[in-house]
Amino acid sequence: MGRNPPLSAVLPFDVVDEAWRLALAPALLGAATLPLLPPVGVGLLALALGVLWFHRDPDRSTPDAEGVVVAPADGTVSVVREEGERLRVGVFMNVTDVHVNRAPLAGEVREVRHRPGANRPAFDKESDRNEQVAIDFGEYELLVIAGWFARRIHPAVEPGDAVDRGERVGHVSFGSRADVILPADIDEGDLLVSEGDAVRAGETIVAERD
């Protein structure tokens, strides 16, 4: 279903395309049930609206300063650690956060890889072993990691695509995590966030290169 179906005119927020498909079944069932079992019908319609709200896709104002790296997701910084000779910064997306992922830096997609795995809670230390999609930009890598409930990761880019910093690169349905393996020339002194900080995708600066 396209990005602008008829109902989008009355919806007070933008949503990703996938949201309309996911909301369709409870919306139709709710409309059919409403005359016969009003409480059930209202509940199903509320569920459909909740699905749309979860998949909201607001515009963001990305900083245009040179050398800055922006957050790949809305949420709370849950991981800051060394990964070999590079730094990894992870953002935990709670169920109330926007789940659209954005490019931390401009670059060209080299590879998009899907890795099956477990479905531990995304805030769990063992969640690195969860199902994930890696978007490899060569200079850096973005990892979208499924949580215990999130089973649908939707990358919106493919190899050869050039993206700007802050551009949408995909979304995930329901709670999850997005990690960025930063470029090799960024060290701890360049980080502007720490664990527990709240960030916004495409807007919050997480690191600044010299």
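## Salt bridges

A search of the whole structure, which is a predicted model, finds 13 salt bridges. A salt bridge here is a side-chain nitrogen of Lys or Arg within 4 Å of a carboxyl oxygen of Asp or Glu. One of them joins Arg 168 and Asp 59, with the closest N and O atoms 3.1 Å apart. This pair links distant parts of the chain, 109 residues apart: Arg 168 is in strand 11 (residues 168-173), and Asp 59 is in the loop between helix 2 and strand 1 (68-70). Helices (H or I, at least four residues) and strands (E, at least two) are DSSP runs, numbered from the N terminus. Arg 168 is partly exposed, with a relative accessible area of 32%, whereas Asp 59 is exposed at 63%. Buried means under 20% relative accessible area, exposed over 50%, and partly exposed in between (1.4 Å probe, protein chains only).

Arg 60 and Asp 74 also form a salt bridge, at 2.7 Å from N to O. Arg 60 and Asp 74 are both buried. Another salt bridge joins Glu 83 and Arg 81, whose closest N and O atoms are 3.3 Å apart. Glu 83 is partly exposed at 30% relative accessibility. Both residues belong to a network of salt bridges that also includes Arg 88, Arg 177 and Asp 179.

An open sheet of seven strands has the order 6-7-8-12-3-2-13, with antiparallel pairing. Its edge strands, strand 6 (111-115) and strand 13 (198-199), each pair on one side only. Two strands count as paired if DSSP finds at least two bridges between them. Strand 6 pairs with strand 7 (residues 132-136) over five bridges, in the antiparallel sense. Val 112 has Ile 135 in strand 7 as its bridge partner.

## Surface patches

Leu 34, Val 42 and Leu 45 form a nonpolar patch on the surface, with about 210 Å² of accessible area together (Shrake-Rupley method, 1.4 Å probe). Patches are made of residues with over 30% relative accessible area and no salt bridge; like charges are joined within 9 Å, and nonpolar side chains (Val, Leu, Ile, Met, Phe, Trp, Tyr) within 5 Å. Val 42 lies in helix 2 and is partly exposed, with a relative accessible area of 49%.

A negative patch is formed by Glu 82, Asp 187, Glu 188, Glu 208 and Asp 210. Asp and Glu count as negative, and the place of the charge is taken as CG of Asp or CD of Glu. Asp 210 is in the segment after strand 14 (205-208) and is exposed at 90%.

## Basis of the values

Residues are numbered from 1 along each chain as its sequence is written, and side-chain values use heavy atoms, with hydrogens and water left out. In this predicted model, local features need pLDDT of at least 70 and side-chain atom pairs count only at pLDDT 80 or more, while totals for chains, interfaces and linings use all residues.
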